[in-house]
Structures are given as C-alpha cells and as structure tokens.
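Here's a walk through one protein model, from its surface to its core and its charged pairs. Have the structure open while you read.

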Amino acid sequence: MESSLAVPRLPPHDPRTPPLAVVDMHTGGEPLRVVLAGCPEVVGPTLLAKRRYMREHLDHVRRRLLLEPRGHRDMYGAVLVPSELPDAHLGVLFLHNEGYSSMCGHGVLALGRFALDFGLVPAPPAGVREARVNIHCPCGLVAAFVQCEGGRSRGPVRFHSVPAFALATDLLVDVPGHGKVVVDIAYGGAFYAFVSAEKLGLDVCSAKTRDLVDAATAVTGAVKAQFKIHHPESADLAFLYGTILTDGRDAHSEEPTTNICVFADAQVDRSPTGSGVTARIALQYHKGLLELNQTRAFKSSATGSVFTGKAVREAKCGDFKAVIVEVSGQAHYTGTASFTIEDDDSLKDGFLLK
C-alpha cells in the first residue's frame with residue numbers, strides 16, 4: 001500500500017495566513033527565493049513606493065521567507081510586483097537579511113530564466129535563440145537576455161545595467177583596526193566601496209571568510225560614518241550597500257580577478273555579485289583600465305563561480321559620466337517549497353543569529 005507521506009500536502013497551519021509558495025534558484029552559488037503566491041498585495045504608485053510600503057507594512061513576509069528557521073542569514077529573496085513602466089515585463093523587490101536592495105545582479109540573471117519558463121514573457125518565435133526580459137528593479141529598468149531553446153531557458157543569461165558610474169576614487173577613510181585606508185566608491189544599481197584586501201592585511205583568495213567579513217564590515221561602517229553617499233536622481237538609492245574586497249588586479253587581463261562582496265548585515269554573496277561587477281567595471285572604465293567592449297572575468301572567492309562583464313556604451317546619470325555594463329552568468333533551479341505559519345509559534349516571523 002502506498003504511504004500517505006508520498007502525497008504532497010500542507011501540514012497543519014493557520015488558515016488565516018496563506019502559505020508562501022516559492023521557487024528556489026541560485027546564480028553562481030548565491031540563492032534566490034522567488035515568491036509565487038501568498039504575499040499580500042504590495043501597494044504603491046511606483047516601484048520605489050512599493051518598496052517603502054513593503055518595508056513599513058509587510059516586513060514580516062521578508063523575515064518569514066529569509067530568516068531562520070525557513071532560511072538563513074545569507075538567504076536572498078524576490079517578490080514580483082506590477083511595474084508602472086510600460087516597457088517592463090515585471091517589477092521586482094529584492095529582499096535580504098537587513099531589508100530591501102535597490103539592485104541585484106544575480107537575481108536579475110535568475111529572474112530572466114524564471115520569467116521565460118513561468119510564462120511571464122511570451123516565448124520567442126521558433127528558431128530565435130534569445131528572449132529579452134525587461135525587469136523593473138528599484139534602481140531602474142534592466143534588460144535581461146535569456147538563451148533559450150524550444151521556448152524554454154537554456155544556458156547563461158546576460159543583462160544590461162542601468163547607468164553605472166564612479167562616485168569617488170582614492171577616498172581616504174579611517175577604518176577601525178586598520179588605520180587610514182584608500183577606497184573607491186562606485187554605483188552599479190547599488191553603491192559599493194571597493195578596496196584591495198591586501199590593504200587590510202588579507203589575501204582575498206585564501207583568507208578565512210570570517211576575517212574577510214569582519215574587515216569588509218569595518219570598511220562599510222567607516223565609509224557610512226565619514227562619507228555622504230549621493231545619487232543624482234533619487235534619495236531612495238543614496239545608501240552604501242556594502243564593501244567588495246578585491247585581489248587588486250584592476251588592469252585588464254585575460255585571467256579572472258577575484259573578489260568577495262559583504263553587504264547588508266554582514267551578508268556574504270556566494271557569487272561574484274552582478275551589481276558589484278557592474279560597479280567595478282564602471283570604476284575600471286573611469287580609471288582608463290578598461291575600454292568599451294573589453295570583457296573581464298570576475299571570480300567569487302567564496303565559491304569560485306565566475307561572471308563576465310564589459311562596458312558596452314557610454315551613458316549619463318545626472319552629471320556623472322556613466323556606462324551601460326553587460327554582465328553574464330548562469331542561474332539554476334534548486335526546488336520549490338510552501339512555507340506555512342502556526343499561530344502559536346513564537347518564532348513564526350523568523351530570527352537571525354548574530
């Protein structure tokens with residue numbers, strides 16, 4: 001006789017709280033939990049207004065999705081919402097352990113596949129091997145290009161960024177425990193501080209992750225305290241998302257350059273960081289180290305996964321000279337889940353171990 005355990009069904013749960021149905025993916029090792037159903041309506045006339053509404057009224061959804069016991073401190077999520085932009089196929093709010101991001105490159109690479117495979121965009125005509133998916137992120141409209149076969153995604157995805165630019169170079173910051181350190185700040189849909197790990201006494205390729213996290217977190221705190229971030233178009237985007245420690249190999253090379261991104265509340269990106277690659281290419285182009293359409297490979301020190309990127313054309317963001325950056329990487333599906341709530345569970349909204 002077939003066991004009843006073989007029949008998928010929901011466990012006992014609070015009927016007043018719809019289960020959160022998700023598809024789990026990863027891009028270069030960095031997870032993405034995409035919400036299919038169960039999230040209350042996110043209200044607002046614009047995507048940035050929806051982001052504010054979710055932060056103020058629906059943050060329990062983020063906590064239930066990402067934090068323990070259903071997730072972990074480095075889990076990442078995406079809630080799909082309607083966009084006010086006529087050219088967008090979908091809008092997205094990105095979730096992390098501290099709150100809500102303005103951009104997520106690994107998320108865009110994964111959502112390109114997801115949008116095609118789950119019918120959010122029409123399948124391309126027979127014989128066409130790439131589908132375009134316009135994704136409205138809080139930072140703006142990002143175009144993803146999804147390799148496909150027979151109307152299904154297959155192979156790597158690439159995206160074209162919002163205008164990316166260098167905000168500050170050779171900025172001297174007093175970092176507790178490390179003294180005066182020279183950092184650069186650049187924008188790739190989110191702002192990052194960039195510093196060679198060697199300046200902090202570390203090797204990004206061999207140091208313990210904990211030591212890299214501590215150093216990067218110290219840099220982030222120092223920059224936030226000593227430098228005011230400004231975005232020329234929106235105050236909602238004017239914040240430092242994290243710090244990226246590099247191997248210092250900024251000049252063009254056929255060999256990959258290695259980095260690790262620590263963002264939000266000491267969250268570690270397992271991938272090379274799509275928006276970080278975008279910002280780093282903009283920084284290298286600004287310094288004259290890269291030319292247009294000159295491809296670089298970026299390797300994650302956490303997993304060894306690789307993204308490639310290149311500046312494809314010049315642009316403007318306010319008064320800043322900027323570039324549009326193309327980033328390529330591979331996303332994979334890992335499963336599905338339905339998350340439920342029991343009303344008497346004191347930990348139902350999640351917790352985060354420090």
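L36 is partly exposed, at 43% relative accessibility (buried means under 20% relative accessible area, exposed over 50%, partly exposed in between, with a 1.4 Å probe and protein chains only). You'll find L36 in strand 2, residues 30–37 (helices, H or I of at least four residues, and strands, E of at least two, are DSSP runs numbered from the N terminus). Together with F118, L120 and Y333, L36 makes a nonpolar surface patch of about 330 Å². Patch members have over 30% relative accessible area and no salt bridge, and nonpolar side chains (Val, Leu, Ile, Met, Phe, Trp, Tyr) are joined within 5 Å. Areas come from the Shrake-Rupley method with a 1.4 Å probe.

A quick word on the ground rules: this is a predicted model, so local features need pLDDT of at least 70 and side-chain atom pairs count only at pLDDT 80 or more, while totals for chains, interfaces and linings use all residues. Residues are numbered from 1 along each chain as its sequence is written, and side-chain values use heavy atoms, with hydrogens and water left out.

**Overall build**

The protein has five helices and 18 strands. Its radius of gyration is 20 Å, close to the 20 Å that the globule rule gives for 354 residues, so the protein is as compact as a globular protein of that length (the radius is taken over C-alpha atoms, and the rule is 2.2 Å times the number of residues to the power 0.38). The C-alpha trace spans about 65 × 50 × 45 Å along its principal axes, and 53% of the 354 residues count as buried.

**Inside**

Nonpolar side chains tend to be buried together in soluble globular proteins. Here the largest nonpolar core has 89 residues, and F94, V108, L111, I135, C137 and L245 have the most contacts inside it. Apart from that core lies another of 18 residues, including V35, L58, Y100 and F339. A core here is a set of buried Ala, Val, Leu, Ile, Met, Phe, Trp, Tyr and Cys residues joined through side-chain atoms within 4.5 Å.

E233 is exposed, at 60%, in the loop between helix 4 (209–226) and strand 12 (240–246).

**Charged pairs**

A search of the whole structure finds 15 salt bridges (a side-chain nitrogen of Lys or Arg within 4 Å of a carboxyl oxygen of Asp or Glu). Among them are these:

| Pair | N to O distance |
|---|---|
| D74 and R270 | 2.8 Å |
| D184 and K287 | 2.5 Å |
| D247 and R280 | 3.8 Å |

D247 lies in the loop between strand 12 and strand 13 (257–263) and R280 in helix 5, so this pair ties together parts 33 residues apart in sequence. R280 is buried, at 1% relative accessibility. Elsewhere, salt bridges that share partners join D14, R16 and D343 into one network.

Definitions and conventions. Patch = residues over 30% accessible without salt bridge, like charges linked within 9 Å, V, L, I, M, F, W, Y side chains within 5 Å.
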